[in-house]
Amino acid sequence: MQQPSPLIWKAFVDKNLCVGCGKCTEACRTGAIRIIDKKAVVDFNRCVCCAICMRTCPRGALTIVPYSFPILQREVERGEDLDEIKAQLKGIGAQLEGMERSIEEL
Ligand code: SF4
Ligand code: SF4
């Protein structure tokens, strides 16, 4: 499995929190969000990571995450190797901690 880059960030919907109100679809300037089956769905090819949707959602259902997260979630749903995915998540977590430390040192 190819290691996804944690440095690309995209909007991500927590479907348990989304109530399908459509406020994010109105706010997104690139047309990256559609409501499908009463839940917001992000087109990652259109998302430019501006975070406007995150600030608009009244339910806190939208966050900006490393692109790797939704990719890995899809792999979990498809039944891919969980141990391999866990190892990748650990690696991403370590890289994010490193980035956080670098920012704190600025
Ligand atoms: S604004 Fe939030 S709750 Fe409303 S559709 Fe978008 S993600 Fe779902
Ligand atoms: S981060 Fe910006 S471009 Fe991406 S889905 Fe949200 S509003 Fe649209």
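The model is predicted: local features need pLDDT of at least 70, side-chain atom pairs count only at pLDDT 80 or more, and totals for chains, interfaces and linings use all residues. Residues are numbered from 1 along each chain as its sequence is written, while chains are lettered from A and ligands numbered from 1 in written order.

Ligands first. Around ligand 1 there are 14 residues, counted when the C-beta atom, placed from the backbone, lies within 6 Å. C18, C21, C24, A40 and C57 come nearest. By class, that shell holds nine nonpolar, three polar and two charged residues. Here Ala, Val, Leu, Ile, Met, Phe, Trp, Tyr, Cys and Pro count as nonpolar, Asp, Glu, Lys and Arg as charged, and the others, Gly among them, as polar.

Ligand 2 also has 14 residues around it, with A11, C28, C47, C50 and C53 nearest. Its shell has 13 nonpolar, one polar and no charged residues.

Now the core. Which residues make up the largest nonpolar core? There are eleven: A11, C24, C28, A32, I33, A40, C47, C53, C57, A61 and L62. A core joins buried Ala, Val, Leu, Ile, Met, Phe, Trp, Tyr and Cys residues through C-beta atoms within 7 Å. Buried means 20 or more other C-beta atoms within 10 Å, exposed 12 or fewer, partly exposed in between.

Next, the hairpin. Strands β2 (residues 33-36) and β3 (residues 39-42) pair antiparallel over four bridges; pairing takes at least two DSSP bridges. Strands are DSSP E runs of at least two residues, helices H or I runs of at least four, numbered from the N terminus. I33 stands opposite V42. D37, in the turn, has a positive phi of about 50 degrees.

Last, K86, in helix α4 (residues 82-104). K86 counts as exposed because it has 12 C-beta neighbours inside 10 Å.
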